[in-house]
There are 2 protein chains.
Amino acid sequence: MELLSKSIIGFRTGRAGGATFRAEDPITAKALEPEFISALPEEVDEAAQLAAEAFTAFGRVTGKRKGQLLRLIAISLEAIHDLIVERAHLETALPKARLEGELARTAQQLRLFASLVEEGSWVTARIEHADLERKSNPKPDLRSMLRPLGPVVVFGASNFPLAFSVAGGDTASALAAGNPVIVKAHPAHPGTSELVGHVIRESIFACDLPEGIFSMLFDSGTSVGKALVMHPEVKAVGFTGSHAGGRALFDLAMARPKPIPVLAEMGSTNPVFVLPRALRARRSQIASGLFTSFTLGAGQFCTKPGLVFVPEGPDSASFIRDIETQVAESFPFFLLTSGIRDTFREATGERNQEPHVRSVASSQFSVPDVSSAVSAAFSETDAATFLSKPDLAKEIFGPTTLVVRHATKKDLFEIVASLDGHLAAAVHGTAEDFEEFAEVIHLLEEKVGRIVCNGFPTGVEVSPAMVHGGPYPATSDSRYTSVGTQAILRFARPICFQDCPASLLPDELKDANPLKIWRYVDGQMKR
Amino acid sequence: MELLSKSIIGFRTGRAGGATFRAEDPITAKALEPEFISALPEEVDEAAQLAAEAFTAFGRVTGKRKGQLLRLIAISLEAIHDLIVERAHLETALPKARLEGELARTAQQLRLFASLVEEGSWVTARIEHADLERKSNPKPDLRSMLRPLGPVVVFGASNFPLAFSVAGGDTASALAAGNPVIVKAHPAHPGTSELVGHVIRESIFACDLPEGIFSMLFDSGTSVGKALVMHPEVKAVGFTGSHAGGRALFDLAMARPKPIPVLAEMGSTNPVFVLPRALRARRSQIASGLFTSFTLGAGQFCTKPGLVFVPEGPDSASFIRDIETQVAESFPFFLLTSGIRDTFREATGERNQEPHVRSVASSQFSVPDVSSAVSAAFSETDAATFLSKPDLAKEIFGPTTLVVRHATKKDLFEIVASLDGHLAAAVHGTAEDFEEFAEVIHLLEEKVGRIVCNGFPTGVEVSPAMVHGGPYPATSDSRYTSVGTQAILRFARPICFQDCPASLLPDELKDANPLKIWRYVDGQMKR
């Protein structure tokens, strides 16, 4: 299958004329074939217009048909499994086994949203029958349910070229809700994006759905993304990436004449707390789990634990030595791009120059200079230093973590109080630890979207109860999750029908409940 | 009961030193006693700090106790019913019967949120048990539910001095979710605000709840409001009022280092469509209902129908004459403030100077000049003029509406397509009309939060299925409603507990379901 290296605009292929760019092989630092062509400003407009035209029809498509589309995308991705994994490996240097797992996860995610909309209860239908005899004034018949917002722009992440990219959670949930999607392809994996984009386009065609419900635009720079966010036909934005990128798009969208929601997941440092008895009882097991977690995907996960808090003492000294050994013995890690490598080196270098911050270990193996490889980096410091230098709490993308020793419970509570918003936090403790430090857990509830006990923040289950969100700066709106079925709520809004004839009501709101969904009817949950 | 005319900061009373101001009697245009004192900058900070300190404790208070508080506020408002209605009448010139109804609605709204949190299912608890045997990797135990955001600032509206003010829907829903509330009192009804604010404070004291969960600050200008929105401890803003005011606060909040949600309900023009057969069959009944609706509360409702679309012809000519008669026979209306009067006169005057816009009627009675009284104003135009002058679609606050005649179906669809976001739309039709014009209803779904058939947009039921929201500029975020039980979702966010010991879980997420709430457990809705 040859790559066309052009944008996808509905069922059309993008034109020539835009700036060209190539992906980079992170291992050799060499540019990869072919050359991709950035979308033109008029193509941004075409994609948005097509999406707007498609919305009215697609917004009313049944859950069954949307499910069919999502399932066809899943099965079609699996059908070209090898091709996708091969190209993604070339563009990201992520191990093939990891990419295979990610492709499986992407397909599973599409099927999860298919099930959700096939079942149909996600619209939270509410029905209240009229009461014309009510004393004060007659009560009207009221029925409400969730409906899609309109065209959604999705910015894929570099670190999950499948699960958080072209056919990732944002696209799956936006389509599931009934919104057309325009993806701005991440320039670090354009070939992977194109393969996946074509799968989506062919699936839409095969399902006989409107052309405009999917486009995917390439761009070597930022102008296409900005134009998409500013386009009047665009009604929401999903983004996964850096704080700088997410905030820039957020600011643009909020300054529009008509602001639109920007659901930006901007990563975080995901603090881990090791409580004293657990540290004593399971020290090396926790150290080993921590090492695996902060180097998973070369430390390029938004849930990477970048801060670890341990009580000062002989146990923490041994804990630090345990991690030290593993870091020293680790092979170099290939980062996604040379840009990420440069930032990683700079940020870890700066951190280690802070007084009272000690660089504990790096790999004993030499790191090839022509590639995006880096050595894992592991540092430690004390609570006073941590509390006086807020920059130490900032995310460093890549295989590194910072252990912070605290001497007193007071320090620990000060640390928790000082934390910004994070996606997740983890706490390791014994039953007695959890009893003594219950307040730590409770205070963390105000700081994060997810609390993990005796585990690590990496490994985000795609399921109904998952919350992959959290207070700013982890995300731009803590009221939403970008992973799990509830991610669909980001792209839907309620609408109420008052005294409407049954013929005009959507099936979800008809008295007979033809879809057999769960509904809140006259004060009772019913199906 | 003497008014203290000072801000309420937790259990304390505001200090002297701030700028003073008085409410105005809209009927006499005279300043009312007493003089109220604006909050000082340090008092803004005190209120925010108190709220932040109270949050941790209040956020964990049980639904039963929050319900108790809301019910006590309701009953205490009713206990000083006469005092409140008397003062509100003085400050707003709204008829006492209307204010009595509004007080009843306010109390009912508080009790509705009390019931909601006492019952408890609003937190959308989700439980997935672990599956350690899962093939790919063990599945963790995941449990999620909604939790409060933190201190919420509420800006009361001038047009509903009770139901959308100090103890209105924003305050009730924010408290119900477990958030401390700081109200910025509307300067047009400070005495009413103080009476209600004291009721809330006393109720909190009586319920032995933390002092900081309620403060109410006075200000003659905008600096207190701005300072509240910018305060780092404030986590969300609820606003009901003008587009200019809502947008200014929105812009401030979005430019914060850590942006916060602003739930602004900024009013709209709420188009009414009269379809041909209904116009023929029920012409004078619809004209009469329309007159009542656009003059209700002197036309100062955010759901006032400010645009009416009718098919051109003899029926519409008679329809216009029907309204003309009612307007001509109407007595002057007292607006809430002289500022609103000036804007009303200016805006209706400008509208009537547009070519092809005809001022059809105003009251035959003379309007007293020393007060905020105005005559109802009624104009008409044709579709071409309406479509070429977007300003004609803008909201004019006060007793006025604009009838637009359209000659063809094409005009009608162009009109619907041209509409901005509105809170509600109404369509009058016979069964045959609804069959022929079903597409009008469906297209309106993309434009509004609520569609009313054979009724008017005014009269917003406070209930589980209500949606008082809509696309921008009706609100700042179409995904929420500010009326009805779902308004609580504006001030809550999900949090997930992964593999947490039962002792650390909130009751809502314990296996035994001690609160007997509806939960989504391992793929099934259960109680």
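How many residues of chain A are in contact with residues of chain B? In this predicted model, 55 residues of chain A are in contact with 55 residues of chain B, two residues being in contact if their C-beta atoms, placed from the backbone, lie within 7 Å. Residues are numbered from 1 along each chain as its sequence is written, while chains are lettered from A and ligands numbered from 1 in the order of writing. Because the model is predicted, local features require pLDDT of at least 70 and side-chain atom pairs count only at pLDDT 80 or more, whereas totals for chains, interfaces and linings use all residues.

Chain A contains 15 helices and 25 strands; helices (H or I, at least four residues) and strands (E, at least two) are DSSP runs numbered from the N terminus. Its radius of gyration is 25 Å, close to the 24 Å given by the globule rule for 527 residues, so chain A is as compact as a globular protein of that length. The radius is taken over C-alpha atoms, and the rule is 2.2 Å times the number of residues to the power 0.38. The C-alpha trace of chain A spans about 75 × 65 × 40 Å along its principal axes. Of the 527 residues of chain A, 60% count as buried. A residue is buried if 20 or more other C-beta atoms lie within 10 Å of its own, exposed if 12 or fewer, and partly exposed in between, with C-beta atoms placed from the backbone. Among contacts in chain A between residues at least 6 apart in sequence, 76% join residues at least 24 apart.

Chain A is superposed on chain B by a rotation of 180 degrees with 0.0 Å of shift along its axis (RMSD 0.0 Å), which is the relation of a two-fold axis. The C-alpha of A:Met254 is the nearest to the axis in chain A, at 3.4 Å. The same surface serves both copies, as 100% of the contact residues of chain A recur in chain B. Superposition is by least squares on the C-alpha atoms of residues with pLDDT of at least 70 in both copies.

On the side of chain A that touches chain B, two or more residues each come from β7, β8, α14 (431–436), α15 (438–444), β22 (448–453) and β23 of chain A. Of these, β23(A) gives the most, with seven residues. This side has 30 nonpolar, twelve polar and 13 charged residues, where Ala, Val, Leu, Ile, Met, Phe, Trp, Tyr, Cys and Pro count as nonpolar, Asp, Glu, Lys and Arg as charged, and the others, Gly among them, as polar. Between the chains, β22(A) runs parallel to β23 (residues 492–498) of chain B, joined by three bridges; the partner of A:Ile451 is B:Phe497. Strands pair if DSSP finds at least two bridges between them.

Within chain A, β8 (residues 142–148) has seven of its seven residues buried. Both of its faces are covered, with A:Leu142, A:Ser144, A:Leu146 and A:Pro148 on one side and A:Arg143, A:Met145 and A:Arg147 on the other. A:Glu128 stands opposite A:Leu142, and A:Met145 opposite A:Ile495.

In chain B, B:Lys139 lies in the loop between β7 and β8. B:Lys139 is partly exposed, with 15 other C-beta atoms within 10 Å. Not counting residues up to four places away in sequence, B:Lys139 touches A:Glu461, B:Ala130, B:Asp131 and B:Arg134.
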